[in-house]
Amino acid sequence: MGIEGSVFGASRLASIAAPEPSIPMILRLVVVAASLVVIGLLVHANTLVGSSRNAHLSALRAGGPSAVGSSTAAAAASESPQAGAAQHSQPAKASHMTATSEPAQHATPPLAATTPHAEAAPQGCPPTRKPYHVVMTAATGIYQEWQSRIAYYHYLKQKKAGGPCSDIGGFTRLFNSPSAAPDKLMDEIPTLVVKQLGHGSCDECDHGFIVMNRPWGAVQFVETEHFRNIPEEYLFFIETDHMMMRPPLNGATPEKPVGFGFYYMISTDPKLQPVVQKFLDPAIDIRTVDNVGPSPLLVHKAMLKRVARPWWDLSVKMKHDSDANHIFGWVLRDVGLQPPSLTTDDE
């Protein structure tokens with residue numbers, strides 16, 4: 001008997017005057033009581049989990065110990081005296097702002113502090129250090145909300161573990177939202193809200209392909225005050241399902257980004273080559289087209305600004321091409337990043 005049946009049975013029993021309850025009646029009452037206790041425990045446990053998560057994130061932002069993983073943090077601090085100095089490098093409160101599809105002309109007033117926090121240059125770090133700003137692209141939905149929380153937690157953890165001389169800098173969640181509406185994570189994670197594409201085939205529509213919001217978000221991102229105020233010269237793009245397990249070194253240069261090679265995006269593959277060749281400048285050797293996508297990707301800010309619009313334009317063009325749409329499918333928005341970067345004097 002389920003919970004609803006138990007409650008219904010109990011209400012009927014209460015209305016029956018019986019001098020001596022039978023054994024089945026007593027068992028039903030026990031089931032009802034046990035069910036209510038279980039529900040209460042689940043509600044209490046959920047409250048504790050939420051409180052623990054918020055406390056842990058706050059502790060990581062402030063650099064202090066937390067109930068979860070505090071032994072790991074203590075071990076990192078004891079192994080590296082510099083690790084303790086990194087504890088105060090992350091601002092205690094998240095900042096957030098909104099942007100529209102034409103941010104230069106129609107920027108929405110910020111909801112809170114909008115300028116990314118510049119960290120003081122640490123002393124004693126190697127001159128080769130090249131800090132980068134982590135940019136996590138995100139969309140709406142409970143699924144991505146929890147992925148975002150996990151990804152941001154691991155960012156904070158690795159930033160703290162890496163010490164003041166690691167290449168990890170600030171953090172921005174680049175959040176595509178309908179009408180650039182804020183969500184409940186705005187106060188947890190530093191966020192820039194950009195306008196999500198509409199549905200359909202208009203100039204600012206997703207053409208039936210929701211991940212077109214990735215290049216569209218980049219087009220809006222590079223035109224914002226938030227982008228201009230990021231103190232780091234490099235950007236490290238991740239997605240909500242990416243977890244930083246150790247502080248990555250910045251191997252990018254102003255002329256050459258660094259990305260992850262995907263086996264299913266090799267331009268010389270017999271199946272892919274005819275389609276790639278169709279959209280490639282004839283002067284470019286197809287063998288120089290790297291099999292990387294927009295994340296994980298380390299790229300210089302100036303380079304991203306140069307390729308953001310061509311990336312969007314080519315993604316739309318390829319989406320309208322039946323061969324490209326059929327061959328690449330959901331990978332199309334990744335492939336669309338490569339030819340633009342190769343036709344704007346970038347490797």
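A: A crossing is left-handed if the near helix is turned anticlockwise from the far one by less than a right angle, and right-handed if clockwise. Keep in mind that this is a predicted model. Here, α7 makes a left-handed crossing with α10.

Q: At what angle do the axes of α7 and α10 cross?

A: The axes of helix α7 (residues 213-221) and helix α10 (residues 301-319) cross at roughly 145° and come within 8 Å.

Q: Which residues of α7 and α10 meet?

A: From α7, the residues are R214, P215, W216, A218, V219 and F221. They meet L304, A308, R309, W311, W312 and S315 of α10. By kind, the residues of this contact are nine nonpolar, two charged and one polar.

Q: Where is the residue P296 found, and what is the peptide bond from S295 to P296?

A: P296 is in the loop between α9 (273-279) and β7 (297-300). The peptide bond that joins S295 to P296 is cis, and its omega is near -10°.

Q: Which loop holds S179, and what is the phi of this residue?

A: The loop between β3 (168-177) and β4 (191-195) holds S179. S179 is not a glycine, yet its phi is positive, at about 60°. A180, in the loop between β3 and β4, is not a glycine either and has a positive phi of about 55°.

Q: Is S179 buried or exposed, and is A180 buried or exposed?

A: Exposed means over 50% relative accessible area, and buried means under 20%. S179 has 69% relative accessibility, so it counts as exposed. A180 has a relative accessible area of 10%, so it is buried.

Notes
Residues are numbered from 1 along each chain as its sequence is written. This is a predicted model: local features need pLDDT of at least 70, side-chain atom pairs count only at pLDDT 80 or more; totals for chains, interfaces and linings use all residues. Side-chain values use heavy atoms; hydrogens and water are left out. Axes are lines fitted to C-alpha atoms, for helices over the stretch in contact, and angles run from 0 to 180 degrees between N-to-C directions. Helices (H or I, at least four residues) and strands (E, at least two) are DSSP runs, numbered from the N terminus. Contact means heavy atoms within 4.5 Å. Ala, Val, Leu, Ile, Met, Phe, Trp, Tyr, Cys and Pro count as nonpolar, Asp, Glu, Lys and Arg as charged, and the others, Gly among them, as polar. Buried means under 20% relative accessible area, exposed over 50%, partly exposed in between (1.4 Å probe, protein chains only).
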